[in-house]
Amino acid sequence: MNIGSFLSAGVRSLLFVHCLAGALLAPVFAQSAPLRISGTVSYRERIAMPPGYVVKVQLLDIARQDAAAETLAEVEITPKHQPPVPFLLTLDESRLDPRARYSVRAQIYVGDRMLFTSTRINPVTPGAAPRKMNIMVQRVAAP
């Protein structure tokens, strides 16, 4: 005797639809996994940062040349040690458009004053690996 003989046709149909829906929706849920971008922020100058300095790392949409970049993810870190400073950005990857351009920007602040900033594009391509980067920042001219 098999289980099919115990189940009515309606219950068997419902089980089939449930299994089919699970098989079809599994790839959709797998695609919305969080995007994780990790790495370090450092600089070449041989100077020590004062206590309480802040490292800000942002994932930016830089696709539009005539508009300010949109911040999609951001983290602020107050390290207890000198650079390099590790960071981790997370974001739902389904928010990214494969046709757009994305970059990670890093800045170092003391109070409200920016001391260092990244000057190169640190690209992030949706769906591509690796997502680990070392960002080199450069000193900003004093105001």
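Helices (H or I, at least four residues) and strands (E, at least two) are DSSP runs, numbered from the N terminus. On that basis the protein chain of this predicted model reads α-α-β-β-β-β-β-β-β-β along the sequence.

Q: How many helices and how many strands does the protein chain have?
A: There are two helices and eight strands in the protein chain.

Q: What is known about the confidence of the model?
A: The average pLDDT of the protein chain is 83, and 76% of the residues score at least 70. Residues 26-30 have a pLDDT below 50, and this stretch has zero contacts in the model beyond near neighbours in sequence. Where pLDDT is low, the predicted coordinates should not be read in detail.

Q: Why is T117 called buried?
A: Its relative accessible area is 16%, and buried means under 20%; therefore T117 counts as buried. T117 belongs to strand β6, residues 113-118. Not counting residues up to four places away in sequence, T117 touches R105, A106, Q107, V137, Q138 and V140.

Q: Why is M136 called partly exposed?
A: The relative accessibility of M136 is 34%. Buried ends under 20% and exposed starts over 50%, with partly exposed in between, so M136 is partly exposed. This residue sits in strand β8, residues 132-139.

Q: Which residues does M136 contact, leaving aside its neighbours within four places in sequence?
A: M136 is in contact with S42, Y43, R44 and S118. For S42, 94 residues apart from M136 along the chain, the C-alpha separation is 5.2 Å.

Q: What makes R95 partly exposed?
A: R95 has a relative accessibility of 47%. Exposed means over 50% and buried under 20%, so R95 falls in the class between them. R95 is placed in the loop between β4 and β5 and touches L72 and Y102, not counting residues up to four places away in sequence.

Q: How much of the protein chain is buried?
A: Of the 143 residues in the protein chain, 30% are buried.

Q: Which residues have the most contacts inside the largest nonpolar core?
A: They are I37, L59, F87, V104 and I108, in a core of 28 residues. Two or more residues of this core come from each of β1 (34-42), β2 (54-61), β3 (70-77), β4 (85-92), β5 (102-110), β6 and β8. Leaving aside neighbours within four places in sequence, the contacts of I108 include V41, V55, L115, F116 and V137.

Q: What share of the contacts with a separation of 6 or more joins residues 24 or more positions apart?
A: In the protein chain that share is 64%.

Q: What lines the largest pocket?
A: The lining consists of R44, E45, S118, T119, R120, N122, N134, I135, M136, V137 and Q138. It divides into three nonpolar, five polar and three charged residues. The largest share, five residues, comes from β8. The space in this pocket is about 180 Å³.

Q: Which peptide bond is cis, with omega near 10°?
A: The bond from P83 to P84 is cis. P84 is found in the loop between β3 and β4.

Definitions and conventions: Residues are numbered from 1 along each chain as its sequence is written. This is a predicted model: local features need pLDDT of at least 70, side-chain atom pairs count only at pLDDT 80 or more; totals for chains, interfaces and linings use all residues. Side-chain values use heavy atoms; hydrogens and water are left out. Buried means under 20% relative accessible area, exposed over 50%, partly exposed in between (1.4 Å probe, protein chains only). Contact means heavy atoms within 4.5 Å. A nonpolar core is a set of buried Ala, Val, Leu, Ile, Met, Phe, Trp, Tyr and Cys residues joined through side-chain atoms within 4.5 Å. pLDDT is the predictor's confidence in each residue, from 0 to 100. On a 1 Å grid over the protein atoms alone, a cavity is a set of points where a 1.4 Å probe fits but cannot get out, and a pocket is an open set with protein on both sides within 12 Å along at least five of seven lines; lining residues have an atom within 4 Å of a point. Grid points are joined across faces, edges and corners, and a volume is the space filled by probe spheres set on the points. Ala, Val, Leu, Ile, Met, Phe, Trp, Tyr, Cys and Pro count as nonpolar, Asp, Glu, Lys and Arg as charged, and the others, Gly among them, as polar.
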